Amino acid sequence: MKRKIAIVCAAAIALLASVLVFVKPADAAVGLRVSGGRIVEANGTNVVMRGVSHPHVWYTGQTSSFANIKALGANTVRVVLGSGQRWGPSNDLSTVVNLCRTNRLLCVLEVHDTTGYGEEGAAATLDQAASYWIGQRSVLAGTENFIVINIGNEPFGNNASVSATWPTATSNAVSRLRGAGFEHLIMVDAPMWGQDWQFIMRDNAQTVFNADPQRNTVFSIHMYGVFDTAAEIQDYLGRFRTAGLPIVVGEFGHNHSDGNPDEDTIMSYTQTNGIGYIGWSWSGNGGGVEYLDMVTNFNPAQLTSWGQRIFNGANGIRQTSRELSWFGGNPTTSPTTRPPTTPPTTAPTTPPTTPPTSRPTTPPPGGRTCAAAYSVIGQWQGGFQGEVRVTAGSSAISGWTVTWAFPSGQTVTQSWNATITSSGANVTARNVSYNGSLGAGATTAFGFIGSWNGTNTNPTLTCAAT
């Protein structure tokens, strides 16, 4: 009898052990996650991101920026990294993670090389970005409570046929990360320079969310010139809230060359509806968007007008930010996090008549060089097709200008992928909006149709970078 009791007890203990090992209770969830269309911590506390982007890959020495951003009240910093196709690769990720932890910041880590793929010749694919993250798996292990992986920044440009692949490319990238063992909250950016002006992300978000086996994906919309009215902002964000899908404004500004975004509505609507926002950007902008700097020369004591607005204005960071409870949950004050109870009443928005231009986010000036190589692709009596390949030097560049003088009376009659002007034999070719930014060693090309008579001698080219 005692032997039977011992056997039964042993079996019961074994069964209990198996339950404890293999069944993870719902309240033991790991890290940041999506629940009911919202981002929550492992303990169920709502998370509302209030932060800014920091261009770390171009300013790796500005490590004090993490503490300075935190001191101004932010609970989140979005960190610009490079996967090596255009910038970086960022092999200092352990340093970044430690800065995030030390400064009690939720950190959204993003690969910037994907910006404008399909329109920007040097851009990386989402698959290449996923490979970078998988290579950093050991560094990120155990950081699920305060790190979000933003797979790739603005991963497609305005090329509609290429952007149409966003659902598949995004789902595949998420699947690769999950297959590699990542349990982090994953953030995915919209196509079309992040502004989704043809609603590709909006209309396919549920499919992409369902493709994540952990259902732990949050969608990021970037709001610049496409979102210049309250109706457009409320309609876009409201549709995600009504569908029960998580959304954040992953980038926005107070001004932009492709139109003036309505930052007041962005900030008030997100506050009312418990939606996160991350402004672009802390400091160091180039390429004509210096007005998006929040502080001058990385000095937190020198807030710009945009910095004053986003940190200290109505519905700004100081007023609405709350630290992750995992760090201790220190205020400011707890934001309102009530979901809308009814669908949005505004009519669906329509794409703008002209697409947004690319938003140049460029590394600092200085030490930039480029080289240009000329070749004749085809030639016929009186005409020819030329091509020029522009290659950045040892530093990334934000723009290029190629000049030459035709030695044999040739002329340019038609061109593409560059703006070409001529004065007699002298020719000047400048980058267009989508192919000026090149990573160190990266290459782009432009072409033209020319005329010739007698001889068609190749000219000597000069390349200048900015």
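The model is predicted, so local features need pLDDT of at least 70, side-chain atom pairs count only at pLDDT 80 or more, and totals for chains, interfaces and linings use all residues. Residues are numbered from 1 along each chain as its sequence is written, and side-chain values use heavy atoms, with hydrogens and water left out.

Arg176 forms a salt bridge with Asp127 (a side-chain nitrogen of Lys or Arg within 4 Å of a carboxyl oxygen of Asp or Glu). The closest N and O atoms of Asp127 and Arg176 are 2.8 Å apart. Asp127 lies in helix α4 (residues 126–135) and Arg176 in helix α7 (residues 166–179), so the pair ties together parts 49 residues apart in sequence. Helices (H or I, at least four residues) and strands (E, at least two) are DSSP runs, numbered from the N terminus. Asp127 is also partly exposed, at a relative accessible area of 44%.

In total, the structure holds eleven salt bridges. One of them joins the side chains of Glu323 and Lys70, at 2.6 Å from N to O. This pair links distant parts of the chain, 253 residues apart. Glu323 sits in the loop between α12 (317–320) and β13 (370–380). Lys70 belongs to helix α2 (residues 64–71). Glu323 counts as buried because its relative accessibility is 8%.

A further salt bridge is formed by the side chains of Arg78 and Glu110, at 3.7 Å from N to O. Here, too, distant parts of the chain are linked. Arg78 is in strand β4 (residues 76–81) and Glu110 in strand β5 (residues 106–111), 32 residues apart. Both Arg78 and Glu110 are buried. The two residues also take part in a network of salt bridges, which links Arg78, Glu110, Asp189 and Glu251.

Another site concerns Gln206. This residue is placed in helix α8 (residues 200–211). Gln206 counts as partly exposed, at 36% relative accessibility. Neighbours within four places in sequence aside, Gln206 is in contact with Ala243 and Leu245 (contact means heavy atoms within 4.5 Å). Gln206 and Ala243 are 37 residues apart in sequence. In space, their C-alpha atoms are 8.4 Å apart.

Notes. Buried < 20%, exposed > 50% of the residue type's maximum accessible area, 1.4 Å probe, protein only.
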